[in-house]
Structures are given as C-alpha cells and as structure tokens.
Amino acid sequence: MRKNQVSRNQRIHIPKKVEDASVQLMLPVDVASVKQAFATANDKRFKYADALDQATKEDPELHQISTIPSDSSELIVITKLKKLGAYILAVTVKSPAKFRPVFINRMQNYSLSALENLLNANFIRMDSPEHKAQREKHQTDALIQLKMVAYVAMLSENAKCILMRQYKQISIQVGEIINLIMAWKKSDDKQWQTKKF
C-alpha cells in the first residue's frame, strides 16, 4: 500500500476549528461562498445575494479616485490616464517598503511617463509629415509604458505587494486607455489622409 493512501487503520485528522479564510480570497463569488458555508455550518440564516453585493463593493482606492474632477476640455484618454496614476498612488501608499524601489517606483514612473507622452502628442499639430511622425512616436511610447505598467502590476500582485482586486482594476484601466490611444491613432490616420498640402 502506498503512503499517500488512507487505510481503515489510519484516520484523517480534521481540525476542530476551521479559520474563516474569506478575507484571503479575492474573488467576490469565493468570499460569498465561504461565508455561506460558515453560516450553514453554524445553522444561521444567510442571504447569498447580500454577501455577494458586499464582496463586490468597489474598493476604497477606486472610490477615492472617482472623486477627482475631470476637465471637459481635456481628451478623455488623458483624463483616464490621470485617474490611473492617482489610483496607482492610492493603492501603493501602504505597500511594504521593500517593494518600493522594485515595483512601486516603476509603476508610478511608467504611468507618469505615459501621461507626459500623451500630453506631448496632444500638443503636436499634424501640419507636416515630421510632426505626424513625432505625434505617433509619443503615442507609441505611451502604449509601451502602459503595457509596462500592466506587467509590473502583475509582478507586484505575484509578490503580494498589491491585492488581486487592485491588480484587476489596474489591468482594466490600462486596457481602456490602450483602446482609447489606438482609436486616437486611427482618427489621426483618417484626418491625415484627407489633408492636402
């Protein structure tokens, strides 16, 4: 008989008290399911929908950046990138100090550099082929920096520097901004084709 198998002579030792692990789980469905299991085990009433709602409430950092006013005269992509930068700052303010030089500074710097590139691109008029090329270069640099933000965020989550929900939110925001930049580039290309010099 193999060691890993349980025979009739051996017993499985089940702990008498199981700790509530719901705080360590990141997915709202998992959190609600664990709470439901504990309520059922203790013969208590439980409303799954309420627990799921509570687990899916937006995180405090996201709520904090939603109060930032947006400038109506600014491109939506620039406003979204500013909010991403603010979210990264809010999320990383309590991160362990040992991660600051490796992950935190990189994420913050990449998001700020991407913002700088988009602002530069926005100020360049497409009145010559050289200016169009400069504008495209700034847009492309911003795309690369945003992809680096997403990658460093993934590494940060793996190292337990940020939470899974925070990593997901960064990924969602980066994806939205990348889509907006791609739409901006397409719009520029269409405008360029209609111009006559």
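Lys160 sits in the loop between α6 and α7, where helices are DSSP runs of H or I with at least four residues, strands are E runs of at least two, and both are numbered from the N terminus. Its phi is near 65°, a positive value in a residue other than glycine. Lys160 is also exposed, at a relative accessible area of 63%; exposed means over 50%, buried under 20% and partly exposed in between, with a 1.4 Å probe and protein chains only.

A word on what you're looking at: this is a predicted model, so local features need pLDDT of at least 70 and side-chain atom pairs count only at pLDDT 80 or more, while totals for chains, interfaces and linings use all residues. Residues are numbered from 1 along each chain as its sequence is written, and side-chain values use heavy atoms, with hydrogens and water left out.

**The overall picture**

- The protein chain has seven helices and zero strands, giving the pattern α-α-α-α-α-α-α along the sequence.
- Of the 197 residues in the protein chain, 31% are buried.
- The protein chain exposes about 13,700 Å², with carbon and sulfur atoms supplying 55% of that; the areas come from the Shrake-Rupley method with a 1.4 Å probe, and for residues only the protein chains shown count as cover.
- Take the contacts (heavy atoms within 4.5 Å) between residues at least 6 apart in sequence: 65% of them join residues at least 24 apart.

- Ser95 lies in the loop between α4 (76-92) and α5 (100-123).
- Ser95 is buried, with a relative accessible area of 7%.
- Setting aside neighbours within four places in sequence, Ser95 is in contact with Arg100, Ile104, Cys161 and Ile162.
- With Cys161 there's a specific atom pair to look at: a polar atom of the Ser95 side chain lies 3.2 Å from the backbone oxygen of Cys161.

**Helix α5**

- The 24 residues of α5 should span 34 Å at 1.5 Å a residue, and the end C-alpha atoms are 33 Å apart, which agrees; the expected span is 1.5 Å times one less than the number of residues.
- There is a bend of about 25° in α5 at Arg106, taken as the angle between axes fitted to the seven residues ending there and the seven starting there.
- Buried residues of α5 include Phe103, Ile104, Met107, Gln108, Ser111 and Ala114.
- Their cover includes α4, α6 (129-158) and α7 (164-194).
- Further along α5, Asn122 is partly exposed, with a relative accessible area of 34%.
- Not counting residues up to four places away in sequence, Asn122 touches Leu75, Ile78, Arg135 and Trp184.
- Asn122 and Gln139 are 17 residues apart in sequence and 9.1 Å apart in space, C-alpha to C-alpha.

**The aromatic pair**

- Searching the whole structure turns up one aromatic pair.
- It's Phe99 with Phe103: the ring centres are 5.7 Å apart and the planes sit at 35°, so the pair is tilted.
- For the cut-offs, rings of Phe, Tyr and Trp (its six-membered ring) pair if their centres lie within 6.5 Å; planes under 30 degrees apart count as stacked, over 60 as edge-to-face and the rest as tilted.
- Phe99 and Phe103 are both buried.

**Helix α7 and its partners**

- With 31 residues, α7 reaches 46 Å from its first C-alpha to its last, close to the 45 Å expected at 1.5 Å a residue.
- Among the buried residues of α7 are Gln166, Tyr167, Gln173, Trp184, Lys185 and Asp188.
- Asp188, in α7, is buried at a relative accessible area of 4%.
- The side chains of Asp188 and Gln139 are joined by a polar contact of 3.1 Å, that is, a pair of N or O atoms within 3.5 Å; within protein, one must be able to donate a hydrogen and the other to accept it, and residues adjacent in sequence count only if both atoms are side-chain atoms.
- Beyond neighbours within four places in sequence, Asp188 is in contact with Met126, Arg135 and Gln139.
- Over in α4, Lys83 is partly exposed, with a relative accessible area of 21%.
- Lys83 and Gln173 are 90 residues apart in sequence, but 8.8 Å apart in space, C-alpha to C-alpha.
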